[in-house]
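Subject: Handing over a structure, with notes on what was found

Dear colleague,

I am passing on to you the structure shown below, together with some notes on it. Please look through the sequence and the model first, and then read on.

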Amino acid sequence: MGEVAAPTPGAPQLSPDDLMRLPAPPPGQPFDNLSFIGSKWVSAWAIRTSEGIILIDTMDNDNEAEHIVAAGMRKLGLDPADIKIILVTHGHGDHYGGVGFFKRIASPKVLMSDADWTMMETKLEFDRPDWGRPPRREISVTDGQQITLGDTTVDVLLTPGHTKGTISLLFTVRQNGQDHRTMLWGGTAFNFGQQPDRIQRLQAYLDSTSRAQDIARQQQVDVFISNHNVFDEAVQKLEKMSSAARNPFVIGTEATVRALTVMNECAQATMAAWTS
Ligand SMILES: [Zn+2]
C-alpha cells in the first residue's frame with residue numbers, strides 16, 4: 001500500500017501482499033561497505049563504517065527486522081548491535097516498521113525529515129495492520145545535511161513528492177579499491193493521487209527528479225539504488241554478481257540520469273492526466 005508494484009512484462013503482477021509473503025532472498029554484498037538485506041517487496045541497506053553501521057530503512061515490522069534484517073546482517077558478518085544510525089527514507093511503515101526492534105537490541109539514533117516526523121505524529125497517510133507502529137520523533141535531517149559516522153559521510157537530499165519529506169541519500173561505496181558515487185532514491189511511486197494537495201506533490205516530485213539529475217551529473221553518480229526491489233532489481237543483480245564480469249550495480253552516470261529522466265517524464269505524464 002505504501003507503494004504500487006510496477007508490472008513486469010510477461011510476468012503476473014504481484015501485489016505488495018504477495019511480495020511480502022514470498023520467502024526472503026539471501027542477503028548480499030554489492031560493495032565492500034554496502035550490504036543489501038530485504039525481501040522481494042522492500043529493502044534495507046547497511047553501510048559499514050569505521051565506527052559502526054548506518055542502517056537505511058528497517059522493513060515492515062519487528063518480525064522482519066529480526067528475522068530478515070538482523071539475521072541477514074549476521075550472515076554477512078555484521079553485528080546489528082553496532083548500528084549507530086538509522087536513516088528512514090520516508091514515513092511509510094514499510095520503511096520505519098522495524099525501528100522498534102533495533103531500538104531494543106542496539107542504541108541507534110533515528111533520523112528522518114521533519115515533515116515526515118510530523119506526518120507520523122499527526123495522521124499517517126498510509127497504514128496497514130502488519131506494519132510496525134511509528135517510532136517516536138528523534139532527529140530531523142534537512143536538505144544538504146551531511147551525516148558522518150567514522151570514515152563515512154552520507155549526504156541528505158530532500159526529494160519531496162512520494163511523501164512531503166522523502167529523503168534520498170548520496171554516499172560512496174567501494175569495491176576492488178574503486179570508489180563509486182551512489183544515490184539511493186527514497187520514494188518512487190505516485191501514491192498520493194487521493195491527497196488534496198496531489199498537484200503540489202507531483203510538482204515537488206518533478207522538481208526533485210530534475211534537481212537529482214543535475215546532482216547525478218555533477219557528482220558522477222554511477223550506482224542508483226532504491227528501497228524497493230521492483231525499482232532497482234537489487235535481488236536479480238545480486239544473483240548475477242558471481243557470474244557477471246562487471247558489477248551489475250554499477251550502471252554508470254548516463255543510465256542513472258536516464259532513470260531519473262524516466263521518473264521525471266512519468267510525473268509529467270501524470271500531471272497532464274491529473275490536470276486535463
Ligand atoms: Zn512509501
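Predicted model: local features only at pLDDT ≥ 70, side-chain atom pairs only at ≥ 80, totals over all residues.

Residues are numbered from 1 along each chain as its sequence is written.

**Overall form**

The protein has 9 helices and 12 strands, where helices (H or I, at least four residues) and strands (E, at least two) are DSSP runs numbered from the N terminus. The C-alpha trace spans about 55 × 40 × 40 Å along its principal axes. For 276 residues a compact globule would have a radius of gyration near 19 Å, and the 17 Å of the protein agrees with this; the radius is taken over C-alpha atoms, and the globule rule is 2.2 Å times the number of residues to the power 0.38. Buried residues make up 47% of the 276, a residue being buried if 20 or more other C-beta atoms lie within 10 Å of its own, exposed if 12 or fewer, and partly exposed in between, with C-beta atoms placed from the backbone. Of the contacts with a separation of 6 or more, 68% are between residues 24 or more positions apart, and two residues are in contact if their C-beta atoms, placed from the backbone, lie within 7 Å.

**The sheet of 7 strands**

An open sheet of 7 strands runs in the order E1-E2-E3-E4-E5-E6-E7, with mixed pairing; two strands pair if DSSP finds at least two bridges between them. Its edge strands are E1 and E7 (139-141), each of which pairs on one side only, and the twist averages 25 degrees from one strand to the next. Axes here are lines fitted to C-alpha atoms, for helices over the stretch in contact, and angles run from 0 to 180 degrees between N-to-C directions.

Strand E1 (residues 28-31) runs antiparallel to E2 and is joined to it by 2 bridges, with a hairpin of 2 residues connecting them and Phe31 having Leu34 as its bridge partner in E2. On to strand E3 (residues 43-49), E2 is joined by 5 bridges, again antiparallel; 4 residues lie between these two strands in their hairpin, and Leu34 stands opposite Ile47 in E3.

In a regular strand the side chains alternate between the two faces of the sheet. Helix H2 (residues 62-75) lies across E2 and E3, running at about 145 degrees to E2.

Towards E7, strand E6 (residues 109-113) is parallel to that strand and joined to it by 3 bridges, and Leu111 stands opposite Ile139 in E7. Helix H5 (residues 114-122) packs on the sheet, touching E6 and E7, and its direction makes about 100 degrees with that of E6.

**The sheet of 5 strands**

A further open sheet has 5 strands in the order E8-E9-E10-E11-E12, with mixed pairing. Strands E8 (146-149) and E12 (221-226) stand at the edges with a single partner strand each, so one side of each is left without a neighbour in the sheet; the twist averages 30 degrees from one strand to the next.

Strand E11 (residues 178-185) pairs with E12 in the parallel sense over 5 bridges, and Arg181 stands opposite Val221 in E12. Helix H9 (residues 253-275) packs on this sheet, touching E11 and E12, with its direction at about 45 degrees to that of E12. Because 6 of the 6 residues of E12 are buried, the strand is largely enclosed by the rest of the structure.

Leu87 touches Ile54, Ile56, Leu111, Val154 and Leu169, residues up to four places away in sequence not being counted.

With best regards
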